[in-house]
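Please consider the protein–DNA model displayed here.

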There are 2 protein chains.
Amino acid sequence: MQNNQNIKIAVDAVVFGYQDNALYILLIQQKYGPYKDQWVLPGGLVQNGETLTTAVHRELQEEAGIKVNYLEQLYTFGDDINRDQRNQVISVSYFALVNPENFKLSAATDAQDVKWQNISNTPTLPFDHNLIIDTAFKRLKAKLHYQPIGFDLLPKKFPFSDLEHLYTTILEQEIDRRNFRKKILSFDFIKKSNEKQKTGSGRPAQLFTFDTNKYKALEKNGIHFEIKFA
Amino acid sequence: MQNNQNIKIAVDAVVFGYQDNALYILLIQQKYGPYKDQWVLPGGLVQNGETLTTAVHRELQEEAGIKVNYLEQLYTFGDDINRDQRNQVISVSYFALVNPENFKLSAATDAQDVKWQNISNTPTLPFDHNLIIDTAFKRLKAKLHYQPIGFDLLPKKFPFSDLEHLYTTILEQEIDRRNFRKKILSFDFIKKSNEKQKTGSGRPAQLFTFDTNKYKALEKNGIHFEIKFA
DNA sequence: ACAAAAGTGTTGGAGCTACACCCATGT
DNA sequence: ACATGGGTGTAGCTCCAACACTTTTGT
């Protein structure tokens, strides 16, 4: 096996969080090196003897103090030889979802700070991180249509209107509230809790929970989750 | 940047070919090393200064003498540390389509032989290559439903029945011939050539061609290609 | 004339889209 | 009493699934 290969392998993660009717991504601020003080996606080099998945979880834990609800591989970026000025680096990127309420952010190791960045005014970032974010955002939008993935961005108990807002916010489309509710409820994987939420004004909302087990059972029998819009 | 990382990066490709109503994948036989004489997916280490895409094209050219019709990144396999006994290796795998009639296979460099392997009796292969093939096969099946990708497996001019057989063979499902034809023709991206094919017995078939430009134009306006079955 | 593959229309029903008013609470 | 957000039903239409016979050629 040829032994002079000098290409590094990194993992990067686009972690989405949804709060107060807006979509955010997790960014960290570099503590060392030529990119010091710049905001970038959490991630870093894979360690010897470490799996890719482990590497992502480790970096998210170290740099942001976060455990994600959902994680999947996104894409491997390696067609821009000079994406990192230090060395040829290939980035295996991941796509993750989290409910920000669950965590208090905390930066450590090579991150000096962490923050939730509103995705709609993401600044220009070093490397190809804007491209990675775009790719992840497209994936998120696509997935919302055919996989019940929105629930990983919400608290365990949520009013139905939060789900509506999540869809309209992320997809930047209006939806027909009646049809949307009918559709979601028809799948039968969310159920009413017996609590209500009081929001200050307006009629109190039923709280719902997503039933993961029910969904998995249905999935085996081949349901086809698909949301279309008016 | 940490400098002791000792993980290699390889690319591997699952190249599908369709001929005589059967689906094949391309395998090469190793010429050197601990896996000598074994059949594996075409691929190899990425060279310094080379992009991932270039690496795949190069390996396919070198090891099999092939240029593919369609290529997309499939998945990056790196969660099994010991997938290669020589060293920790991460495989960025690709998914490719080709019409076998266009090529005469020719093995070179580290391949001592090449062949088209019928996918339905693929033997057990070294590394995690069976897993990679499975992943690619699932992707192929899924894509057939929502992307007009079958045409990359057929010659430029083909009788409609070849497309039918391609679908039934790959998806292992019967289709309703009338509904299928109506559906495909309704998209309006394949057109009749004025040639006919004589098969020996039976009524001669119209030959069709896939109009790539027309498809791209329609795609921009947002057509939704989707094939369902009886 | 018969075997083999190509070609072709219609109908019933499921599921989607479109659409607007009443309800429960706070101020 | 009014403002705010939550909750609900129906009718028309579109599009899909189901279904079988005729045409063209070779032998």
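How do the residues of the surface near DNA strand D divide into nonpolar, polar and charged? They comprise four nonpolar, eight polar and 11 charged residues, where Ala, Val, Leu, Ile, Met, Phe, Trp, Tyr, Cys and Pro count as nonpolar, Asp, Glu, Lys and Arg as charged, and the others, Gly among them, as polar. The model is predicted, and local features need pLDDT of at least 70, side-chain atom pairs count only at pLDDT 80 or more, and totals for chains, interfaces and linings use all residues. Residues are numbered from 1 along each chain as its sequence is written, chains are lettered from A and ligands numbered from 1 in the order in which they are written, and side-chain values use heavy atoms, with hydrogens and water left out.

DNA strand D is surrounded by 23 residues, the closest being Ser161(A), Arg177(A), Gly202(A), Arg203(A) and Gly200(B); a residue is near a strand if one of its heavy atoms lies within 4 Å of it. Of the atoms of DNA strand D that come within 4 Å of the protein, 45% belong to sugar and phosphate. Polar contacts (pairs of N or O atoms within 3.5 Å; within protein, one must be able to donate a hydrogen and the other to accept it, and residues adjacent in sequence count only if both atoms are side-chain atoms) can be followed from both chains. From chain B, a polar side-chain atom of Arg178(B) lies 3.3 Å from a base nitrogen of DNA strand D. The elements giving two or more residues to this surface are helix H4 (177–187) and strand S10 (205–210) of chain A, together with helix H4 (177–187) of chain B; helices (H or I, at least four residues) and strands (E, at least two) are DSSP runs, numbered from the N terminus.

Around DNA strand C there are 24 residues, and the closest are Gly200(A), Ser161(B), Arg177(B), Arg181(B) and Lys182(B). Sugar and phosphate make up 48% of the atoms of DNA strand C that come within 4 Å of the protein. The side chain of Asn179(A) places an N or O atom 3.1 Å from a base nitrogen of DNA strand C. In chain B, a polar side-chain atom of Arg181(B) is 2.6 Å from a phosphate oxygen of DNA strand C, and one of Ser201(B) is 3.4 Å from a sugar or linking oxygen. Here the elements that give two or more residues are H4 of chain A, together with H4 and strand S10 (205–210) of chain B. The surface near DNA strand C divides into five nonpolar, eight polar and 11 charged residues.

Attention now turns to the aromatic residues. Over all chains, the structure holds 34 aromatic pairs, for which rings of Phe, Tyr and Trp (its six-membered ring) must have centres within 6.5 Å; planes under 30 degrees apart count as stacked, over 60 as edge-to-face and the rest as tilted. One of these is the tilted pair of Phe16(A) and Phe137(A), with 6.4 Å centre to centre and 35 degrees between the planes. Because Phe16(A) lies in strand S1 (residues 8–19) of chain A and Phe137(A) in helix H2 (residues 129–146) of chain A, the pair ties together parts that are 121 residues apart in sequence. Both Phe16(A) and Phe137(A) are buried, that is, under 20% relative accessible area, with exposed meaning over 50% and partly exposed in between (1.4 Å probe, protein chains only).

Phe160(A) and Phe208(A) form an edge-to-face pair, 5.6 Å centre to centre with 75 degrees between the planes. This pair links helix H3 (residues 160–171) of chain A, which holds Phe160(A), to strand S10 of chain A, which holds Phe208(A), 48 residues apart. Both Phe160(A) and Phe208(A) are buried. Arg181(A) lies over the face of Phe160(A), 4.8 Å from the ring centre; a charge sits over a ring if NZ of Lys or CZ of Arg is within 6 Å of the ring centre and within 35 degrees of the ring normal.

Asn48(B) is located in the loop between strand S4 (43–45) and helix H1 (52–64) of chain B. Its side chain reaches the backbone oxygen of Asn4(A) at 3.0 Å, and a polar atom of that side chain lies 2.7 Å from the backbone nitrogen of Asn6(A). Asn48(B) counts as partly exposed because its relative accessibility is 41%.
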